Amino acid sequence: MLEKRSTKQILADSAMELLSKKPLHKISVQEITANCHVSSRSFYNHFKDKHDLINWMYLQKEKELFENLEKGESLYDALLALFQYAEKNQRFFANADNTGQNNLNDSVFMQAKNTLILTIKKNEGLDRLDKQTLFMIEFWIHGVCDMSRKMLVGKATESPEEFMDLVIASTPERLLPYIKNTKKQPDMDKCGTIRGYKG
């Protein structure tokens, strides 16, 4: 049975198709709607403008990644899936709005940071982490975040798998078990927010 697509998804698919051919600043709302036979009025019932649509697309990808974490997927697998998606859709990421990319990147890695903190605390029975471990997590997350921007815009020379091998090789031993999912992940709510996380 075919899954019925929402109007938002139809518009997103249309934008994705157009962004595989040219940059966002050369695509109009009218072009997006004509490409999928949806009225402009319907577009504006769902989105403020084309940038709002692009941000929604990024948020959907973010939601999918967090749902996978909720199901017990490791941070390694979640990040690998993100980079595989970026590689498959290089033209989209290269042509889309940078703000959306930054929002996705920042949000995903903030969630990765929070996941690491709570997972370590939960598995080691700690109320709080020591300063060195917190610094290590922050340092590692920022490194992965900065390096991954190349992957999101198709400028990386490594495949997603090679990139993640380098990430693992650069991961402090203290964090490795929690990246590779040899420990239980924390409980998360339906929105992908970690239950009980207070920083």
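Trainee: Does N95 count as buried or exposed?
Mentor: N95 counts as buried, at 10% relative accessibility. Buried means under 20% relative accessible area, exposed means over 50%, and partly exposed is in between, with a 1.4 Å probe and protein chains only. This is a predicted model, in which local features need pLDDT of at least 70 and side-chain atom pairs count only at pLDDT 80 or more, while totals for chains, interfaces and linings use all residues. Residues are numbered from 1 along each chain as its sequence is written, and side-chain values use heavy atoms, with hydrogens and water left out.

Trainee: Where is the place of N95?
Mentor: N95 is in helix α6, residues 90–95. Helices are DSSP runs of H or I with at least four residues, strands are runs of E with at least two, and both are numbered from the N terminus.

Trainee: And what does the side chain of N95 reach at 2.7 Å?
Mentor: That is the backbone oxygen of L19. The backbone oxygen of K22 is 3.4 Å from a polar atom of the N95 side chain. A polar contact is a pair of N or O atoms within 3.5 Å; within protein, one must be able to donate a hydrogen and the other to accept it, and residues adjacent in sequence count only if both atoms are side-chain atoms.

Trainee: Which residues is N95 in contact with, leaving aside neighbours within four places in sequence?
Mentor: L19, S20, K21, K22, P23 and L24. Contact means heavy atoms within 4.5 Å.

Trainee: New topic. At what angle do α1 and α2 pack?
Mentor: Helix α1 (residues 7–19) and helix α2 (residues 29–36) pack at about 110°, and their axes are 9 Å apart. The axes are lines fitted to C-alpha atoms, for helices over the stretch in contact, and angles run from 0 to 180 degrees between N-to-C directions. The two helices, α1 and α2, are therefore roughly perpendicular, a label for 65 to 115 degrees; under 35 is roughly parallel, over 145 roughly antiparallel and the rest oblique.

Trainee: Which residues in α1 meet α2?
Mentor: On the α1 side they are I10, L11, S14, A15, E17 and L18. Their partners in α2 are E31, I32, T33, N35 and C36.

Trainee: How exposed is I10?
Mentor: I10 is partly exposed, with a relative accessible area of 22%. I10 and T33 are 23 residues apart in sequence, and their C-alpha atoms are 9.2 Å apart in space.

Trainee: Now rings. How many aromatic pairs are there in the whole structure?
Mentor: A search finds 6. Rings of Phe, Tyr and Trp (its six-membered ring) pair if their centres lie within 6.5 Å; planes under 30 degrees apart are stacked, over 60 edge-to-face and the rest tilted. In one of the pairs, F83 and F163 have ring centres 4.9 Å apart and planes at 75°, so they are edge-to-face. F83 sits in helix α5 (residues 75–88) and F163 in helix α9 (residues 160–169), 80 residues apart. F83 is buried at 0% relative accessible area, and F163 is buried at 5%.

Trainee: What about F135 and F139?
Mentor: F135 and F139 are stacked, 5.8 Å centre to centre with 25° between the planes. Both lie in helix α8 (residues 131–152), 4 residues apart, about one turn of the helix. Both F135 and F139 are exposed.

Trainee: Which residues form one aromatic cluster?
Mentor: F43, Y44, F47 and W56. F47 lies in the loop between α3 (40–46) and α4 (50–70), and counts as buried at 4% relative accessibility.
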